[in-house]
Amino acid sequence: MSKSFEDLLAKVAECPIKKVAVACAQDDAVLEAVKAAKERNIADAILVGDEEKIRTIASVLKMDIKDFEIIDVKDPVEAARTAVKLVHDGKADMYMKGLIDTKSFLRSVLDKEVGLRTDKTLSHVCVFEVKGIDHLLFLSDVAFVPYPDLDTKAQIIKNTVEIAHACGIECPKVAPLAAVEVVNPKMPCTVDAEALTKMNEEGQITGCIVDGPLSLDLAIEPQAAFHKGTTDRKIVGDADVLLFPDIQAGNITYKCLVHTADCKNGNILTGTSAPVILTSRSDEFEVKVNSIALAAVVADAMNK
């Protein structure tokens with residue numbers, strides 16, 4: 001079971017090396033991450049974009065560009081379509097965003113002819129290693145689905161549980177979060193949390209344990225459960241998956257962790273036929289490398 005990103009990297013080392021197709025690869029931060037991923041035997045890459053600019057950036061980074069396949073496509077939209085088709089056709093295992101706006105990138109993901117769309121809901125999963133917590137935390141959704149209804153929350157759980165399984169967590173504990181740990185009809189997210197718990201008990205959501213509603217402290221802090229007298233719950237401060245009621249709560253928590261906690265993280269887009277690495281230009285270098293490693297582990301699980 002992976003409890004840290006070091007464990008994930010060890011898991012990657014056991015897998016056949018994966019290949020990531022990068023859309024609009026003429027981006028210094030992305031190329032730096034791709035270079036590190038190859039040096040650490042995490043993944044190889046196919047670089048799609050403006051070849052002249054890619055080579056110029058690679059020179060500055062002292063990146064041996066001979067080690068990478070480059071496909072010269074200067075138009076960003078066409079570059080994205082070319083890169084995603086590589087994954088669609090099985091010539092690459094993962095798809096990564098480079099120097100292209102998110103809207104155009106996602107349009108390529110959803111392209112009916114060459115994209116990676118499925119009948120699943122798309123959702124974003126962030127994996128955190130936080131000092132003081134002895135296991136990985138899987139957060140969703142913090143960046144993609146704004147205000148999920150009950151059915152969408154159930155699909156987000158299923159997507160996230162698949163990622164947790166790929167990381168070696170056999171039966172992840174899922175905490176649908178709210179401000180309180182009791183059902184309050186005036187707080188719709190608590191009603192949804194209770195419904196998700198029943199769906200899990202009735203076999204509609206499988207491969208995990210769902211227990212909600214839960215406040216954040218009860219989900220991640222065993223002492224809080226002890227002090228509040230809730231040690232009879234299925235989750236007693238040991239949640240693996242934190243399901244947020246909406247993007248506001250999720251995004252605030254994500255940024256609070258990133259900017260105040262001693263942590264590492266990586267993230268991918270799920271619900272697609274192959275892992276999609278959708279990082280922000282503001283994300284740190286290691287976040288991009290961790291995201292590639294996470295995607296490689298998930299790609300290996302999907303291939304199996």
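## Close-up views of a predicted protein chain

The accessible surface of the protein chain comes to about 13,700 Å², and carbon and sulfur atoms account for 51% of that surface. The structure shown is a predicted model, and the legends below begin with the chain as a whole before turning to selected elements.

View 1. Taken along the principal axes, the C-alpha atoms of the protein chain fill a box of roughly 60 × 40 × 35 Å. A compact globule of 304 residues would have a radius of gyration near 19 Å, and the 20 Å found for the protein chain agrees with this. Of the 304 residues in the protein chain, 54% are buried. When contacts between residues at least 6 apart in sequence are considered, 69% of them join residues that are at least 24 apart.

**View 2. Helix α3, residues 51-60, and its buried residues Ile54, Ile57 and Ala58.** Seen down the axis of α3, the buried residues fall within an arc of 100°, and they therefore line one face of the helix. These buried residues pack against α2 (28-39), β2 (43-49) and β3 (69-72). On the face of α3 that is turned away from the buried side, the exposed residues are Glu52, Ser59 and Val60.

View 3. Beyond the helix, α3 is followed by Lys62, a residue whose phi is positive, near 55°.

**View 4. Strand β7, residues 173-176, covered on both faces.** In a regular strand the side chains alternate between the two faces of the sheet. In β7, Lys173 and Ala175 lie on one side while Val174 and Pro176 lie on the other, and all of these residues are buried. Strand β7 is joined by two bridges to strand β8 (residues 209-210), and the two strands run parallel; within this pairing, Lys173 stands opposite Ile209 in β8. Strand β7 also pairs in the parallel sense with strand β9 (residues 241-243), over three bridges, and here Ala175 stands opposite Leu242 in β9.

**View 5. Asn200 in helix α7, residues 188-201.** Is Asn200 buried or exposed? Asn200 counts as buried because its relative accessibility is 12%, which is below the 20% limit used for buried residues. A polar atom of the Asn200 side chain lies 3.1 Å from the backbone oxygen of Cys208. If neighbours within four places in sequence are left aside, Asn200 is in contact with Ile205, Cys208, Ile209 and Val210; of these, Ile209 is the residue of β8 that stands opposite Lys173.

**View 6. Lys198, another residue of helix α7.** Lys198 has a relative accessibility of 43% and so counts as partly exposed, whereas Asn200 counts as buried. The C-alpha atoms of Lys198 and Glu14 are separated by 37 Å, and these two residues are 184 residues apart along the chain.

Definitions and conventions. Residues are numbered from 1 along each chain as its sequence is written. This is a predicted model: local features need pLDDT of at least 70, side-chain atom pairs count only at pLDDT 80 or more; totals for chains, interfaces and linings use all residues. Side-chain values use heavy atoms; hydrogens and water are left out. Buried means under 20% relative accessible area, exposed over 50%, partly exposed in between (1.4 Å probe, protein chains only). Helices (H or I, at least four residues) and strands (E, at least two) are DSSP runs, numbered from the N terminus. The arc is that of the directions from the helix axis to the C-beta atoms. Contact means heavy atoms within 4.5 Å. Two strands pair if DSSP finds at least two bridges between them. A polar contact is a pair of N or O atoms within 3.5 Å; within protein, one must be able to donate a hydrogen and the other to accept it, and residues adjacent in sequence count only if both atoms are side-chain atoms. The radius of gyration is taken over C-alpha atoms; the globule rule is 2.2 Å times the number of residues to the power 0.38. Accessible areas come from the Shrake-Rupley method with a 1.4 Å probe; for residues, only the protein chains shown count as cover.
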